[in-house]
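Please read it with the sequence and the structure at hand.

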Amino acid sequence: MPIVKNVSRAVSQLLQSSGCGCGISIVPVRCIGVSPRQVASDASFHSVSFSESDHPRVLITGGLGQLGVGLAKLLRKHFGKNNVILSDIRKPADSVFYSGPFIYADILDYKNLREIVVNNRITWLFHYSALLSAVGEANVPLARAVNITGLHNVLDIAAEHNLRLFVPSTIGAFGPTSPRDPTPDLCIQRPRTIYGVSKVHAELMGEYYHYRYGLDFRCLRYPGIISADSQPGGGTTDYAVQIFHDAIKTGKFQCNLKPDTRLPMMYIDDCLKATLEVMEAPAEALSMRTYNISAMSFTPEELAQEVQKHVPELQVTYNVDEVRQAIADSWPMNFDDRNARRDWGWKHDYDLPELVTTMFSFLGSDSRIAQAN
Ligand SMILES: NC(=O)C1=CN([C@@H]2O[C@H](COP(=O)(O)OP(=O)(O)OC[C@H]3O[C@@H](n4cnc5c(N)ncnc54)[C@H](O)[C@@H]3O)[C@@H](O)[C@H]2O)C=CC1
Ligand SMILES: CC(=O)[C@H](N)C(=O)O
């Protein structure tokens, strides 16, 4: 197990430091055996270790989930196919495997992860591995391991190798005692899921490593993300993806949340655009290291009405899943993202009507049950 040495020295340095991460001589990040991993004082933390003319060398962890393949595609367009490595513990589909570099990476295996970062000269890391809200509640020990222990591994490797690190957080990082309409960046965060607790932990640890060790940590709190060509991984907002597939395949959709459950949502292109933009933003522009981002907010009933404009025959019924409903009832209804808009120019492209039109054009309206009949 990892041991943090020199605790008293580290604490006294922390208490003496101004909080900007400057002026710290040697910081033990994590020590194993006789090979302490250290971050030297003269490391250039706020700029990544590639020259301006070079592209970053990117690693995406947990890249085979709902968001990772799309992120790899976007980043490869910007930085070149071979500069972006997708990784996961699952076997990739042929289309993913042959679209660019893929590697096995278990974030719980510290040495393997470090080897990948070193051998591939990684400079930017997007840490997407996680267990989402509903699957997390179904397996708390695994969620704790992946979302918390895995994050610790990633943070230490990022600090040790001077990486720019992106870790997504979520609307799920808030709880029933947070202001819910709207939810600002800074407020009470007392989530009631292991997913939420682990994400608050990630926000705080990332910011702590930033102020304490100078780690270039960047974090966005994503709303529920809606995508056409990738499936959600077991969250509370999954219904908002499933409705499109069911509308097309069967013309019937059974929703597991109540019709009036309002949650912030976003189309995947906006989410990935924001992720790249915050990673490219100059450090001076970032007054914070964790930002809410927002695009739209709707209830299942409102989404169904918009979907019915495209599939008028769609029948929607409600069979509430108590676990998901309790989670959704504790989450923000609207997200206040004014800081992201002011600091680095965040602006979404998709509201509800554009989202629904885009989803149907992706999924192919020809195959709609309504038309097939
Ligand atoms: N999809 C959404 O609506 C939202 C996602 N996020 C965050 O964005 C990130 C990506 O989300 P999704 O792609 O939707 O998640 P997902 O659940 O679809 O994919 C997560 C991936 O992590 C991988 N994974 C699990 N254990 C691992 C391990 N030990 N080592 C390496 N990989 C492991 C899984 O195999 C899976 O492919 C997550 O951190 C999630 O919390 C935040 C808010 C909303
Ligand atoms: C909003 C999220 O973080 C995710 N989609 C979930 O529902 O767990």
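## Packing of α10 and α13

In this predicted model, the axes of helix α10, residues 300-308, and helix α13, residues 352-363, come within 10 Å and cross at roughly 55°. The crossing of α10 and α13 is right-handed.

On the α10 side the contact is made by E302, L303, E306 and V307, which meet L352, P353, V356 and F360 in α13. The residues of this contact divide into six nonpolar and two charged, with no polar ones.

## Surroundings of ligand 1

Ligand 1 is surrounded by 26 residues, of which Q66, D88, R90, D106 and Y195 are the closest. An N or O atom in the side chain of D88 is 2.6 Å from an oxygen atom of ligand 1, and a polar side-chain atom of K199 lies 2.9 Å from an oxygen atom of this ligand. A nitrogen atom of ligand 1 is 3.1 Å from an N or O atom in the side chain of S129.

## Surroundings of ligand 2

The residues around ligand 2 are L132, S133, T170, I171, Y195, G224, G235, T236, T237 and W331. A polar side-chain atom of T170 lies 2.7 Å from an oxygen atom of ligand 2, and for Y195 a polar side-chain atom likewise lies 2.7 Å from an oxygen atom of the ligand. A nitrogen atom of ligand 2 is 2.8 Å from a polar side-chain atom of T237.

Definitions and conventions
Residues numbered from 1 in each chain as written. Chains lettered and ligands numbered in written order. Predicted model: local features only at pLDDT ≥ 70, side-chain atom pairs only at ≥ 80, totals over all residues. Heavy atoms only, no water. Axes fitted to C-alpha atoms, helices over the stretch in contact; angles between N-to-C directions. Helix = DSSP H or I, 4+ residues; strand = E, 2+ residues; numbered from the N terminus. Left-handed = near helix turned anticlockwise from the far one by under 90°. Contact = heavy atoms within 4.5 Å. Nonpolar A, V, L, I, M, F, W, Y, C, P; charged D, E, K, R; others polar. Near = heavy atom within 4 Å. Polar contact = N/O pair within 3.5 Å; in protein donor to acceptor, adjacent residues only side chain to side chain.
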